Amino acid sequence: MPGKKTDRLKKKDTKSAASNVTWSDRLHYFEAKQEEMVRTIRELVEIESPSDSKPAADRIGTFLAEKFAALGGDSKLHHVQDFGDHLQVDFSGRANSKPVLLLGHFDTVYPMGMLETMLCGIAGDRLHGPGVLDMKSGIALMLHAIEALQTWHHGLPRPVTVFLVSDEEVGSTSSRKITEALAKESAAVLVLEPAAGLRGAVKTARKGVGEYTLKVKGVAAHAGLDPGKGHSAIIELARQILAMSKLNDLRRGLSVNPGVIQGGTRTNVIAAEASVDIDVRIKSAKQAAGIDRKLRSLKPFDKHCKLEVAGAINRLPMERTAGVAALYEKAQEIANHLDWKLQEAAVGGGSDGNFTAGMGIPTLDGLGGVGEGAHAVHEFIVIPELPRRALLLAGMIESA
Ligand SMILES: [Zn+2]
């Protein structure tokens, strides 16, 4: 948690890189903007944007395109059929260097109508609402950091590309190619996903994620008249799930979770079909092929049942490469000016940062809001953390 305003600047107050504004001036600037930042976040939260509603996602995409254009950015929507259009904004900078890519998403996991049922608005130090942490506060930080840099430098010190996608929460299938193409042109990628935990750590490693479905085809029969003739897909599935649970290797960061099961039609029918949806997490890219092969080579216990496995590892892990570590060091340097011991974390969840880090582009994730309850009804951010998060992002845009 941040200290009182006066506690935050203990180090000698030097001028920040490439601008004449001291670190204390910068912090005061963002502290004065805190309420405005909260207003921006609330505006974004109040435009609900579930991944599976194109009209809703397009509404917030258009709203954001205008917001970034008002700051002088060149906003462009990438048309998508099944999801909201993705938003790319290019800002020119004074230096002729490669841009830094600010990456995020404006879709949320919540269906429409959650504004009515979820806790929303300010309660003490906290701001609640659907997507407030994951990751509408991160988008607001982008807007305010860009605005601040323009004030301090009379224009941006270097080119900046903002890319906000509409399908991150459902696997980024329609945005991945664009994310990768933009990352390739960039010096570094800063991902505004939520920070890790209330300590606000940035994320320097993320697990890789896979999604699989195992379908079992059995042989139906009347449970009363012909119990001996059937081959139950449900019993076969149950045995497969137990076998699958042995593939877990938590010590090596590998997990296999049968998350959703379906099967059968009636109690008096021996089930002809059953299936399970499986979430797989891996810690290193090397584990991908092994677990994929093991899942695909599952054999039926009952020879009369057939197995069908579909799916793949969707995101390779974001590994803590030298490029990632170097970005973290820069972030620590900036935080040190505020006597802030910025920590790093390795987390189990994936993000689009997995794609860009997997390409070897230096990527730092978890630069967004600080809070808890992402994807849960108590989702919130800690309001007094906003000024120093904005300061950190502005500093990273300058030096990444
Ligand atoms: Zn997210």
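Tutor: In this predicted model, where local features need pLDDT of at least 70, side-chain atom pairs count only at pLDDT 80 or more, and totals for linings, chains and interfaces use all residues, the largest pocket has a volume of about 570 Å³. Residues are numbered from 1 along each chain as its sequence is written, and side-chain values use heavy atoms, with hydrogens and water left out.

A pocket is an open set of points on a 1 Å grid over the protein atoms alone, with protein on both sides within 12 Å along at least five of seven lines, while a cavity is a set where a 1.4 Å probe fits but cannot get out; lining residues have an atom within 4 Å of a point. A volume is the space filled by probe spheres set on the points, which are joined across faces, edges and corners.

Lining the largest pocket are 33 residues, and those nearest its centre are Glu169, Arg281, Gly349, Gly350 and His375. Two or more lining residues come from each of α5 (132–153), β8 (202–206), β9 (208–217), β13 (273–282), β14 (306–315) and β17 (371–372), and β13 gives the most, with 4 residues. These helices (H or I, at least four residues) and strands (E, at least two) are DSSP runs, numbered from the N terminus.

By kind, the lining of the largest pocket divides into 12 charged residues, 11 nonpolar and 10 polar, where Ala, Val, Leu, Ile, Met, Phe, Trp, Tyr, Cys and Pro count as nonpolar, Asp, Glu, Lys and Arg as charged, and the others, Gly among them, as polar.
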